[in-house]
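Hi,

Here's the structure I said I'd pass along.

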Amino acid sequence: MRRLPGEGFAQPVEDPHFSSGTHRTIELISPHEFRSDAEDSASRAPGAARWVVVRRAAYVVYFAALVVVVVRFGVPTGRASLASIVITGLLLTSIGHPWRQSKQVVLDWLPFTAVLLLYDRTRGLADAFGVPLHEKDVLDAEKWLFGGVEPSLWLQHHLSRRGQVRWYDALCTLVYTSHFLATPVLAAILWLRDRGQWLRYISRVVVLALAGLITYCLFPEAPPWMAADHGLSAAVGRFSARGWIWLHAGNLNDALANAQKSGSNPVAAMPSLHTAFAVLVAIMIGVRLRSRWRWLLALYPVAMGFTLVYCGEHYVLDLLAGAVYAIAVHLGLNAWERRRARRAEESARSKGQAELPADQVVG
């Protein structure tokens with residue numbers, strides 16, 4: 001089998017359902033698919049070349065429209081809007097190909113998106129359960145861990161000046177905003193390159209989201225900015241959106257701030273899923289790279305963690321819990337996948353033995 005394009009990816013892609021005469025062809029703007037040599041020859045015909053031009057033109061229009069949306073309305077953060085953007089982009093890869101590829105996009109992405117939309121709709125379950133809000137106990141634990149100092153308050157006292165937005169505020173805002181983009185973008189890339197890896201990734205995303213939801217219901221926690229609003233500590237601001245001001249994009253600052261107020265669960269702080277998904281993204285990319293520089297991917301969750309604490313969104317305890325959740329989900333599903341693969345192999349071996357004549361069965 002031919003290895004996937006892209007230097008640095010460790011393993012070739014093999015599929016027992018396809019013969020040695022079939023190989024995987026991946027174009028920059030065309031979805032993953034197995035095609036025979038005859039089909040590859042057809043794809044290089046003049047008519048196919050015209051479809052490549054059409055696809056490229058469609059992507060120019062797509063990205064131009066995306067830029068207009070971001071400039072006019074801000075970076076999309078809603079699950080439905082992000083799913084619409086990703087699915088539309090993937091559907092464009094099917095232009096000029098058989099309709100079954102468009103069907104595959106819908107069949108793969110709609111159930112995944114529906115599960116995450118259901119997660120968003122059920123994040124208010126903690127209120128229905130009547131579980132008391134954890135505020136002072138978590139704040140006291142955070143101070144105990146850092147010798148009486150609250151990290152968010154300390155960072156804002158040393159780095160922030162009232163009425164002034166610095167360059168590092170802009171960096172923090174960009175890192176914070178990447179949370180809404182990294183997961184769907186990586187999912188789209190994996191779907192285009194390797195559907196098996198895409199399935200592994202989205203299974204971890206879904207399990208991680210459900211684990212977070214269960215914890216939020218059982219342990220609702222006020223983040224640092226809310227605890228300060230309730231008078232439990234000195235003033236801690238919520239800085240995650242204000243970096244857009246330094247970038248001269250005040251409308252994006254307003255859009256993100258409004259999204260935080262209307263579309264998020266303010267007491268969904270333990271664990272930090274911002275950190276958890278950053279760790280998961282780093283893991284899923286890192287395990288597929290050979291380069292020794294892959295360890296630099298750890299800087300992404302570290303940067304996310306610093307951003308969340310400095311911006312008053314999370315305690316360090318939340319970050320640690322988020323990292324533990326991500327690693328536990330990844331390792332747990334790794335073990336389940338290995339066990340499932342062994343069972344499938346043993347079943348296939350047993351079936352093969354059963355089909356052999358009795359005098360050829362190895363006892």
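**What turned up around Ser 272**

Leaving out residues up to four places away in sequence, Ser 272 touches Leu 308, His 314, Asp 318, Leu 319 and Gly 322 (contact means heavy atoms within 4.5 Å). Ser 272 sits in the loop between helix H12 (250-263) and helix H13 (273-286); helices here are DSSP runs of H or I with at least four residues, strands are E runs of at least two, and both are numbered from the N terminus. Ser 272 counts as buried because its relative accessibility is 0% (buried is under 20% relative accessible area, exposed over 50%, partly exposed in between, with a 1.4 Å probe and protein chains only).

Before you dig in: this is a predicted model, so local features need pLDDT of at least 70 and side-chain atom pairs pLDDT 80 or more, while totals for chains, interfaces and linings use all residues. Numbering runs from 1 along each chain as its sequence is written, and side-chain values use heavy atoms, without hydrogens or water.

Leu 116, in helix H4 (residues 99-121), is buried too, at 7% relative accessible area. Leu 116 is 93 residues from Ala 209 in sequence, yet their C-alpha atoms are 7.7 Å apart.

As for the whole protein, it has 15 helices and 2 strands, and 44% of its 363 residues are buried. Of the contacts with a separation of 6 or more, 76% are between residues 24 or more positions apart.

Cheers
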